[in-house]
Amino acid sequence: MKQTTLKKGFTIDGIGLHTGQKITMTVHPAFADSGICFRRSDAASEYTRVSPYTVTSTMLATTIKCGEQSVSTIEHIMSALYGMGVDNAMIEVSGPEVPILDGSAKPFIPMIIGAGIKELGKPRKYLKFNKKVRLEKDGKWIEIIPSRFFKVSFDIDFESGSIGQQRAFFQVDENTFASEIAGARTFGFKQEVESLWQMGLAKGGSLENAVVIDGDDILNPEGLRFKDEFVRHKVLDLIGDISLTGYRIFGHIRAYKSGHQINNLFARLITESKDSYSIIEVPDGRHPGLTQLELKPQGLV
């Protein structure tokens, strides 16, 4: 498969989860080998191409350095672009964070489909793993093992009865991402959200953009979108964080209680573990792990 970008740009407005500010984000097409780049339109900064090494903070979200400024909460749009097969894009953000929208990647999917995806003149490059790479930290771990496809397995374990132990497994392609992963919302506990408010954080947080848990109860009146929505959101975040490597992946990522910090450390580790993978172009021009996009915006879960 060739590298891809959007056929045309799109703009989306919303509030920032942590600042509560109104934010406008525009995603533009880009040339081959551009990767995903961000700029702060309110600060007239230059575009910065993302990588695991542009990440400056993983507290509550993934934050990157963008010129002399920063852009936070990039993981959902990064996950959406990767999950829907977009390799190159230029993203302008009018403030310090990407709009949180409904707390998931779902709102980006019809925007990407509506903009359309086009192939560019250069081949895609993939990291094809030939042996395991593993990272352990504070009782949590993440690893990748060889696979002909891009797969993700994730396990979580919370004391809250609303979450408990959950496990998810996906062979990730555009259809699976749009229907099974993108709609899973970020989540938090009521007491933690109240503490963040007291610290001047999560000013834009509400039941409209997060699943909020109080003890064993879900406070959102509409309930959950999936019975295992919590672990699905962890998969969403993981895909976004790992996509900062700038490559498509042939490998099976398995994670236990991982979060943004460990995801970023692992993205750096696999980038540096050059004896564990080959950089390849698919010889016959087809990615065996991807299928033709058949979804329509109204058909999304």
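Select Asp-214 to begin: in this predicted model, Asp-214 is partly exposed, with a relative accessible area of 32%, and it lies in strand E17, which covers residues 211-214.

Next, go to helix H1, residues 75-83, where 9 of the 9 residues are buried, so the helix is largely enclosed by the rest of the structure. Among the buried residues of H1 are Glu-75, His-76 and Tyr-82. After H1 comes Gly-85, whose phi is positive, near 85 degrees.

Now turn to the salt bridges, of which the structure holds 17. Select Asp-102 and Arg-225, whose side chains meet in a salt bridge at 2.8 Å, N to O. Asp-102 lies in the loop between strand E9 and helix H2, and Arg-225 in the loop between strand E18 and helix H5, so the pair ties together parts that are 123 residues apart in sequence. Asp-102 is buried, with a relative accessible area of 13%, whereas Arg-225 is partly exposed, at 33%.

Move on to Glu-143 and Arg-254, which form a salt bridge whose closest N and O atoms are 2.6 Å apart. Glu-143 sits in strand E13 and Arg-254 in strand E19, so this pair ties together parts that are 111 residues apart in sequence. Here Glu-143 is buried, with a relative accessible area of 3%, while Arg-254 is partly exposed, at 30%.

Note on methods
Residues numbered from 1 in each chain as written. Predicted model: local features only at pLDDT ≥ 70, side-chain atom pairs only at ≥ 80, totals over all residues. Heavy atoms only, no water. Helix = DSSP H or I, 4+ residues; strand = E, 2+ residues; numbered from the N terminus. Buried < 20%, exposed > 50% of the residue type's maximum accessible area, 1.4 Å probe, protein only. Salt bridge = Lys/Arg side-chain N within 4 Å of Asp/Glu carboxyl O.
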